[in-house]
Amino acid sequence: MRKTIIAGNWKMYKNITEAIELSNGLKRELFKLDFESTEVVLCPPFTALAEVAEILSESDIGLGAQNMYWQDEGAFTGEVSALMLKDAGCQYVIIGHSERRQFFAESNETVNKKLKAALKHELTPIVCLGENLQERELNKTFTVIQDQIKQGLIDIDAEQMQKVVIAYEPVWAIGTGKTATPKQAQEVHKYIRDSLKKIYGDDLAQSVRIQYGGSVKPENILELMAQPDVDGALVGGASLKIDSFVAIVTKSSEVRK
């Protein structure tokens, strides 16, 4: 069975003091979690990575960044490299989040470059896929997902793909309060897995973990996690509060026991 992975994307929230308080609280509340079956990752803003890394150093909770650049170093003002993330204590990085695609001109090409850089430096990439509302209403969901997979995974071999986590996040469900129904989520997750099967074969496709992201809450996580191809969640707003994120993690853990 694929190991559940729950990642909290804090987005542009929490100063250093607040990040320390939140990560300390999560570390305390998740102390008794069965980490053999459930992987937990916190993704604070860049400014708080080092402080959160120190807090998590004696726990089984992983640390991730929300973005990175594909070059190791250079005259790229405002960018952060994989080497810098590693130095700050990261083990994971989110790549191609829909907000990056929507507001900062991320493309499938830049996602591919960042993915290769993350793998080169042994960061676990969480690669985001998803359609916007117009694309869904025009029945283009699978076309969009197919393009994102094909172009985003160019030159990624099977050995590398084993280290990748996919996150399906319908753009129309992010921060809107709307959530894909469990049936809708399962339909797209299965399509992603079937697409990976065509590229890499069934064994590898069955091993890749696919998270769902988009207004995930304690109230809907059980139904989502009950779907056979949903292996976890990329949590936004609900990851900013101890009670709601702990509830999501613990409920997810119970589903897969």
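This is a predicted model: local features need pLDDT of at least 70, side-chain atom pairs count only at pLDDT 80 or more; totals for chains, interfaces and linings use all residues.

Reader: How many disulfides does the structure hold?

Author: A pair of cysteine sulfurs has to sit within 2.5 Å to count. Cys43, itself buried at 0% relative accessibility, has its closest cysteine sulfur in Cys90, 7.9 Å off, which is too far for a bond. Cys128 is in no disulfide either, with the sulfur of Cys43 as its nearest at 9.5 Å. For the structure, the count is 0.

Reader: On to the fold. In what order do the 8 strands close into a barrel?

Author: The pairing around the barrel is parallel. Ignoring direction, neighbouring strands are turned by 25 degrees against each other on average. The order is E1-E2-E3-E4-E5-E6-E7-E8.

Reader: Which residue in E7 is the bridge partner of Val165?

Author: Strand E6 covers residues 165-168, and E7 covers 209-213. The two pair in the parallel sense over 4 bridges. In E7, the partner of Val165 is Arg209.

Reader: And what angle does helix H9 make with E7?

Author: Helix H9, residues 182-200, lies across E5, E6 and E7. Elsewhere on the sheet, helix H2 touches E2 and E3 and makes about 165 degrees with E3. For H9 against E7, the angle is about 145 degrees.

Methods: Residues are numbered from 1 along each chain as its sequence is written. Side-chain values use heavy atoms; hydrogens and water are left out. Buried means under 20% relative accessible area, exposed over 50%, partly exposed in between (1.4 Å probe, protein chains only). Two strands pair if DSSP finds at least two bridges between them. Axes are lines fitted to C-alpha atoms, for helices over the stretch in contact, and angles run from 0 to 180 degrees between N-to-C directions. Contact means heavy atoms within 4.5 Å.
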